[in-house]
Number of protein chains: 2
Amino acid sequence: MYFVGANLEGAVLVVDGKDTALYVEPPHPDDAIWFGEKPTLDELASDLGLDVRPLERFATTESAALLPPQDAESAFFLADLLGRDVEAGGGDGLAGPDLALADAVIELRLQHDAAAIEQLELAAKVTAEAHAAGFAATRPGVREALVRAAMEAVIVRNGMTTAYGSIVTVHGEILHATTHHRELGQTDLLLADVGAETPEGWAGDVTRTWPVSGRFSTTQRELYEVVLSSQRAALAGVRPGARFLDVHRAAGRELVRGLVELGVLRGDPAELYESGAGALFFPHGIGHLLGLDVHDMEDLGDRAGYAPGRTRATSAGDRLLRLDRDLSPGMCVTIEPGFYKIPTLLDDPDTVAEWSGAIHRPTLDRFSDVRGIRIEDDVLVTEDGSRVLTRAIPKYPDDVEAAMRASVS
Amino acid sequence: MYFVGANLEGAVLVVDGKDTALYVEPPHPDDAIWFGEKPTLDELASDLGLDVRPLERFATTESAALLPPQDAESAFFLADLLGRDVEAGGGDGLAGPDLALADAVIELRLQHDAAAIEQLELAAKVTAEAHAAGFAATRPGVREALVRAAMEAVIVRNGMTTAYGSIVTVHGEILHATTHHRELGQTDLLLADVGAETPEGWAGDVTRTWPVSGRFSTTQRELYEVVLSSQRAALAGVRPGARFLDVHRAAGRELVRGLVELGVLRGDPAELYESGAGALFFPHGIGHLLGLDVHDMEDLGDRAGYAPGRTRATSAGDRLLRLDRDLSPGMCVTIEPGFYKIPTLLDDPDTVAEWSGAIHRPTLDRFSDVRGIRIEDDVLVTEDGSRVLTRAIPKYPDDVEAAMRASVS
């Protein structure tokens, strides 16, 4: 899809010096009956501006470098075609020419060109419409599935697909909640992590958290502002040359500062952050690469997300970060801080032992109407800083409330 | 899913005389953070009423009979676990104990019990709601994707998934159209083949064809009535003891009879049908098994659909029939005749050569506002005949028009 700009099942692109060709199975006569007329190889060649040949003319090139296939079906297909062992999703096990090819493709795909940026903007636009529909569908007493349906209907209506399994939940503290059967309570916050994918495969990835009633309670607003402030700190750091780990840490430090200000944590914010107290409430990375895949190139393991020589940190605060490169113009990343009250972490004596003096339980208990908040935007690194592709989606408390009031009237 | 009643990824059910046990991977501590608390093995055992053991206690049983996995990922998983070669989707290549097990499971799954029928009814109910939403969303000038979105939103809202890739198209002559970008024209018919699948995996599969304007033209109504009459003929034959091939042929014969009556075909209806003229306009089977899969057990090849000793006919009219068993109470089938003007067939001199005298082109051309019509219902074989599970969905022309008028007002 990246090189050809089209989703062609069972096609193989061979790049061999000047002899670049796409090998595809010619349409079967029955295809027209079942799936409509498909382009002939000549028409495909003209559409794609490529030399297109029937798959049966593919000559086994055992020595060719190969990009690792994304699934087992493709691995079988390629193993059969090439006459050699092929493993699916083996990014971290790559070696020799395959490794060199993967690294070259990563270099290319890290920086999006104008056509790719146009696609990301298109995905962002429909993602924004979907979130507007989510606000509009929200009301106490309906189920999460109803809001999910309203958001996904916008995506389908626009001829797109969801870029990943939608998260629409009143239990925002479950980071990747997969169920949607719960009823929206009057005092709940609803967290929706929903993104559109264009027909050419480019992804949007946005999270908003809003009050079911249309109005944040004081406690909800206070914690929401802390997450928003954390996102602002991260966004301020997104620019060419910045190291993504520093962006992640800026968000974490600001989150801890805010929690100290609210009295949820007690102590020196800088020391608390260094001790890992932030990861108790924000146990994931600040973001990841976004592109043709929602976690772009993650099928190549950490090679894509981590610059040569860098590996994942071991601390609780940093080990889940999917990206640690120096940013450069054309890169697109998500910025998605969160605050979560996760029982597995906060109610586990071993986990909290180190910070038992720092967590002020009576204050934390005061925020009983907050379980999880995440605010996520898609950000393009530009020559002179960055541009938020998803800025049209309300995220400031007053804007969220206004959007919800507008959708009701 | 069939034996356990739950969708458990990476679980293995072992039935060994009296020692029936389910082996599953115990929840990983991080699971709770990402996906919410999962049941412990003890809780699962209590929920399912089964002996549940950790997967690491699974002892390799190379001689065990195995049901063929449905995809390559599962084949890899099972090959690794059993220490032997495992092929995906290899229904027709089964042998030895695997074959005996497959046949035994087919025998079981052919007849649905009360719990399964309840699930099929649930799927039919939500499928009916989806079709009602499809009628309501239809209007000239919108795209097919908008109607598809409205129908799928009902399914998602009800906590279900689509049972298969939805077909929503003004080009009904493309049997499995996969695109949804076309605009609905004032004089078009819209064909929607959309079904819901319950969380336990049971499928609905329904097609309706309706006029975008809300009113059939005379020509549309005439051809629609022919398809309806063909469906009526098939439905009349669905009862215990009937051979499904005969149901298929009854539908084809009635379709040809109707086309002769309209003057589209000329000649003796019985002779025309025997010569295969019906397959020019109806090149697929009258239906298939419906159950836990929309083409139930088709992953086992024709073993499920074809009774022992029966194989697919070679004639154009019969070779695409997916099912040829004698019907018995508890079986569920689709009944889905159609009429299609498929250019690949009707404009190909070789294909039509045999019937060049029989097809009356000027009359066929008169039906220029019809490209494809299909009417599909889900039918349960009962002790004394059959019951249409999807009878709530309007299909008679007056009912369709009334439903569309109601949805507009």
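Helices (H or I, at least four residues) and strands (E, at least two) are DSSP runs, numbered from the N terminus. The structure described here is a predicted model, in which local features need pLDDT of at least 70 and side-chain atom pairs count only at pLDDT 80 or more, while totals for chains, interfaces and linings use all residues. Residues are numbered from 1 along each chain as its sequence is written, and chains are lettered from A and ligands numbered from 1 in the order in which they are written.

Met297(B) sits between helix H10 (278-281) and helix H11 (302-305) of chain B, and its phi is positive, near 65°, although the residue is not glycine. Most residues other than glycine have a negative phi. Met297(B) counts as buried because it has 21 C-beta neighbours inside 10 Å; a residue is buried if 20 or more other C-beta atoms lie within 10 Å of its own, exposed if 12 or fewer, and partly exposed in between, with C-beta atoms placed from the backbone. In chain A, Met297(A) lies in the loop between helix H10 (278-281) and helix H11 (302-305). Phi of Met297(A) is positive as well, near 65°, and with 21 C-beta neighbours inside 10 Å this residue counts as buried.

The relation between the chains comes next. Two copies of a chain are related by a rotation about an axis and a shift along it. Here, chain B is superposed on chain A by a rotation of 180° with 0.0 Å of shift along the axis, at an RMSD of 0.0 Å. The two copies are thus related as by a two-fold rotation axis. The superposition is by least squares on the C-alpha atoms of residues with pLDDT of at least 70 in both copies.

At the interface, 29 residues of chain B are in contact with 30 residues of chain A, where contact means that the C-beta atoms of two residues, placed from the backbone, lie within 7 Å. On the side of chain B that touches chain A, the elements giving two or more residues are helix H1 (31-35), helix H3 (72-82) and helix H6 (144-157) of chain B. H6(B) gives the most, with nine residues. This side of chain B divides into 17 nonpolar, eight polar and four charged residues; Ala, Val, Leu, Ile, Met, Phe, Trp, Tyr, Cys and Pro count as nonpolar, Asp, Glu, Lys and Arg as charged, and the others, Gly among them, as polar. Since 100% of the interface residues of chain B are also interface residues in chain A, the copies meet through the same surface.

Gly159(B), which follows H6(B), has a positive phi near 75°.

Helix H8 (residues 244-262) of chain B has 19 residues and reaches 27 Å from its first C-alpha to its last, close to the expected 27 Å. With 14 of its 19 residues buried, H8(B) is largely enclosed by the rest of the structure. Just after H8(B), Gly263(B) takes a positive phi of about 90°.

In chain A, strand E6 (residues 189-194) has six of its six residues buried, so E6(A) is largely enclosed by the rest of the structure. Both faces are covered, with Leu189(A), Leu191(A) and Asp193(A) buried on one side and Leu190(A), Ala192(A) and Val194(A) on the other. E6(A) pairs in the antiparallel sense with strand E5 (residues 167-169) of chain A over three bridges, and with strand E8 (residues 206-211) of chain A, again antiparallel, over six bridges; two strands pair if DSSP finds at least two bridges between them. Ala192(A) stands opposite Val168(A) and also opposite Arg208(A) in E8(A).

At the level of domains, chain A is divided into domain 1 (12-110) and domain 2 (114-408), with bounds from an automatic or database domain assignment. The contact between them takes 10 residues from domain 1 of chain A and 10 residues from domain 2 of chain A.

Note on methods. The expected span of a helix is 1.5 Å times one less than its number of residues.
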